[in-house]
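Dear colleague,

I am handing over the structure we spoke about, and below it you will find my notes on what turned up in it. Please read them with the model open beside you.

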Amino acid sequence: MQRKRWHPQQFAATLQRVLDHLDLRQTDIATWAGVSQSQASRWVAGRSRPGHDTLQRLQHALLAHAPNDGHLRDLVRTLGAAAGYPALSADVETIEIDPRERRIRALGLPPDVEARLLEIRRQQDVQLDQMIELARRQN
C-alpha cells in the first residue's frame with residue numbers, strides 16, 4: 001500500500017462536499033465505513049484520517065449509493081488522494097458495484113426500505129471483515 005502525506009483540510013472539505021452532494025449525515029458514512037459517528041465527525045473536522053481499508057470500504061459504499069454520478073466519482077477520487085492513499089484514488093475507476101447491492105437496488109423498493117437493506121448488508125460485511133481479522137490475529 002502506497003502512503004503519502006495526507007492533507008487534513010482538503011480531506012475534510014471534500015468529505016463535507018460528499019455529505020452535501022448526497023444529502024448524507026455523518027452517521028451514514030460512519031455506518032458504511034464501520035466506525036463510530038464520533039470517528040466520522042473527526043474525519044469531517046480534519047482531525048484524523050481513516051485507515052486505508054476503512055477508506056476503501058467507504059469509497060465502495062459511496063459509489064454504490066450513486067453508481068452513475070460522475071461528480072461523486074471525482075469527489076471519491078479526491079478523498080483517496082487527500083487522505084494520502086494515491087492508489088485508492090487511482091482505483092476509483094475500477095470500483096464496481098457489489099452484485100448483492102445491485103440486486104437490492106433492482107427490487108424497486110421504497111427508498112427508505114432500500115437504504116435500510118443496503119445498510120444491513122454493509123454492516124454484515126463490516127462484521128465479517130472484523131471476524132476475519134480476529135481469526136487472522138489468533139492464528
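R116 has a relative accessibility of 42% and therefore counts as partly exposed, a class that lies between buried, under 20% relative accessible area, and exposed, over 50%, with a 1.4 Å probe and protein chains only. Its side chain meets that of E119 in a salt bridge, at 3.2 Å from N to O, where a salt bridge is a side-chain nitrogen of Lys or Arg within 4 Å of a carboxyl oxygen of Asp or Glu. E119, at 24% relative accessibility, is partly exposed too, and the two residues, R116 and E119, are three residues apart in helix α8 (residues 111-138), which separates them by about one helical turn.

Before going further, please note that this is a predicted model, in which local features need pLDDT of at least 70 and side-chain atom pairs count only at pLDDT 80 or more, whereas totals for chains, interfaces and linings use all residues. Residues are numbered from 1 along each chain as its sequence is written, and side-chain values use heavy atoms, with hydrogens and water left out.

Taking the chain as a whole, there are eight helices and zero strands, in the order α-α-α-α-α-α-α-α along the sequence; helices (H or I, at least four residues) and strands (E, at least two) are DSSP runs, numbered from the N terminus. Of the 139 residues in the protein chain, 40% are buried. Among contacts with a separation of 6 or more, 63% are between residues 24 or more positions apart, a contact being heavy atoms within 4.5 Å.

To return to the charged pairs, side chains of opposite charge can pair when their charged atoms come close, and a search of the whole structure finds six salt bridges.

Two helix pairs deserve a look, and two packed helices are described by the angle between their axes and the distance between the axes. The axes of α1 and α5 come within 9 Å and cross at roughly 155°, where axes are lines fitted to C-alpha atoms, for helices over the stretch in contact, and angles run from 0 to 180 degrees between N-to-C directions. That makes α1 roughly antiparallel to α5, since angles over 145 degrees count as roughly antiparallel, under 35 as roughly parallel, 65 to 115 as roughly perpendicular and the rest as oblique. Their contact involves, among others, F11, L15 and V18 of α1 and L72, L75 and L79 of α5. By class, this contact of α1 with α5 has eight nonpolar, five polar and one charged residues, counting Ala, Val, Leu, Ile, Met, Phe, Trp, Tyr, Cys and Pro as nonpolar, Asp, Glu, Lys and Arg as charged, and the others, Gly among them, as polar.

The axes of helix α2 (residues 26-33) and helix α3 (residues 37-45) come within 8 Å and cross at roughly 110°, which makes α2 roughly perpendicular to α3. Q26, T27, I29, A30 and A33 of α2 make this contact with Q37, A40, S41, W43 and V44 of α3, and these residues divide into six nonpolar, four polar and no charged.

Two loop residues remain. D23, in the loop between α1 (8-22) and α2, has a positive phi of about 55° although it is not a glycine, and D23 is exposed at 69% relative accessibility. S48, by contrast, is buried at 16%, and S48 lies in the loop between α3 and α4 (52-65). Leaving aside neighbours within four places in sequence, S48 is in contact with W6, Q39, R42 and W43. The C-alpha atoms of S48 and A83, which are 35 residues apart along the chain, are separated by 9.4 Å.
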